[in-house]
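This report describes how parts of one protein chain pack together. Please look at the sequence and the structure below before reading on.

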Amino acid sequence: MKDMSNTLKKSFVFKRFYLELVEKYGTARAKDIWNYAENEFLGLRIAEPSADKASVSYVFPAVALYRSVEHFYPGEALSVTRDFGTKMGLRLQRVFRKVTALPGIPSVIWKKMDCIAAKMSDGYEIKNLEVTEEKCFMDVVSCPLYDKALELGTPEAVQMICCMDKEYMNGFRGVNYKRTKSVAEGDDCCDYRLTKSL
C-alpha cells in the first residue's frame with residue numbers, strides 16, 4: 001500500500017484552497033469544509049491505493065474539494081473551484097515567467113518543443129498534432145484527468161485544473177499560448193495552440 005501521509009495540506013497546488021475558503025465562508029466554516037475534503041481525499045486514496053501519480057496529485061484533491069464545497073453549499077462548488085483554479089494559475093504563471101526569464105530559456109524551449117509536446121501529450125489522446133520550429137498545435141480529445149474524475153462521478157471537479165492550465169501556460173516567455181476549448185467543459189477537444197514569440 002502506498003504512503004497515505006500525503007494530504008491536501010501538503011499539496012503545493014491545493015493547500016492554498018483553505019485560504020480561499022476562509023475568505024469566502026469564514027474560518028469556522030472553512031475548517032469544516034477543509035476537514036470534510038481531507039476525509040474525502042483519504043477515502044479516495046484508500047479506495048485506490050495503487051492509483052497513478054496524476055490521480056493522487058491532481059484529480060483526487062480536485063474531486064475532494066469540489067465534493068466538500070458542494071456538501072456544505074450546494075450549487076456553489078463549480079464557481080468556487082473554478083475561481084481558485086484561475087487564481088492558482090495566475091500564481092503559477094508568475095513562477096513560470098520568472099523561471100523562463102533566464103537568458104536562453106525561451107530558445108531552449110523551442111529547440112526541445114518536439115520532446116516537450118511528447119511529454120505534454122503522454123497519456124492523452126491527441127489529434128492534429130503539428131510541431132515545427134515556430135508552433136506546436138494539438139487537439140486533446142481524451143484527457144486522463146477528466147476520465148478519472150468522470151469515473152469517480154465528479155467530472156466537474158477537473159474544470160479547476162483546466163482554469164489553472166489556461167492561466168499558467170501564459171507564463172512561459174517566448175510562447176504565445178491559446179486554448180479556446182476544454183474536454184472537461186463539454187467541448188470536443190482541448191485545442192492547444194502554442195506559437196513562437198521570440
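Helix H8 (residues 159-168) is largely enclosed by the rest of the structure, because 7 of its 10 residues are buried. Buried means under 20% relative accessible area, exposed means over 50%, and partly exposed lies in between, computed with a 1.4 Å probe on protein chains only. Helices (H or I, at least four residues) and strands (E, at least two) are DSSP runs, numbered from the N terminus.

The structure is a predicted model, in which local features need pLDDT of at least 70 and side-chain atom pairs count only at pLDDT 80 or more, while totals for chains, interfaces and linings use all residues. Residues are numbered from 1 along each chain as its sequence is written, and side-chain values use heavy atoms, with hydrogens and water left out.

**Around H8**

The buried residues of H8 are Gln-159, Met-160, Ile-161, Cys-162, Cys-163, Met-164 and Asp-165. They pack against H1, H3, H4, helix H7 (144-151), strand E3 (175-179) and strand E4 (190-196). Contact here means heavy atoms within 4.5 Å.

In soluble globular proteins, nonpolar side chains tend to be buried together.

Which residues does Leu-194 touch, not counting residues up to four places away in sequence? They are Trp-110, Met-113, Glu-134, Lys-135, Cys-136, Phe-137, Met-169, Val-175, Asn-176 and Tyr-177.

**Helix pairs**

Two packed helices are described by the angle between their axes and the distance between the axes. Axes are lines fitted to C-alpha atoms, for helices over the stretch in contact, and angles run from 0 to 180 degrees between N-to-C directions.

| Pair | Axes come within | Crossing angle |
|---|---|---|
| H1 (residues 17-25) and H4 (residues 77-99) | 11 Å | roughly 130° |
| H1 and H2 (residues 27-47) | 7 Å | roughly 140° |
| H3 and H7 | 10 Å | roughly 50° |

By angle, H3 is oblique to H7. Angles under 35 degrees count as roughly parallel, over 145 as roughly antiparallel, 65 to 115 as roughly perpendicular and the rest as oblique. H1 and H4 are oblique to each other as well, and so are H1 and H2.

The crossing of H1 and H4 is right-handed. A crossing is left-handed if the near helix is turned anticlockwise from the far one by less than a right angle, and right-handed if clockwise. On the H1 side, this contact is made by Phe-17, Glu-20, Glu-23, Lys-24 and Tyr-25, and on the H4 side by Val-80, Thr-81, Phe-84, Lys-87 and Arg-91. By class, the contact has 4 nonpolar, 1 polar and 5 charged residues. Ala, Val, Leu, Ile, Met, Phe, Trp, Tyr, Cys and Pro count as nonpolar, Asp, Glu, Lys and Arg as charged, and the others, Gly among them, as polar.

H1 also passes H2 in a right-handed crossing. Phe-17, Tyr-18, Leu-21, Val-22 and Tyr-25 of H1 meet Thr-27, Arg-29, Ala-30, Lys-31, Ile-33 and Trp-34 of H2. The residues in this contact are 8 nonpolar, 1 polar and 2 charged.

H3 and H7 have a right-handed crossing too. In H3, Ala-54, Ser-55, Val-59, Phe-60 and Val-63 touch Leu-145, Lys-148 and Ala-149 of H7. This contact divides into 6 nonpolar, 1 polar and 1 charged residue.

**Single residues**

Leaving aside neighbours within four places in sequence, Ser-68 is in contact with Ile-33, Tyr-36 and Ala-37.

The loop between H4 and helix H5 (105-111) contains Pro-103, and Thr-100 lies in the loop between H4 and H5. Pro-103 is exposed, with a relative accessible area of 78%, whereas Thr-100 is buried at 4% relative accessibility. Beyond its neighbours within four places in sequence, Thr-100 is in contact with Ile-105, Pro-106, Ile-109, Gly-171, Phe-172 and Arg-173.

Asn-128 is placed in strand E1 (residues 125-131) and is exposed at 57% relative accessibility. Its phi is near 55°, a positive value in a residue other than glycine.
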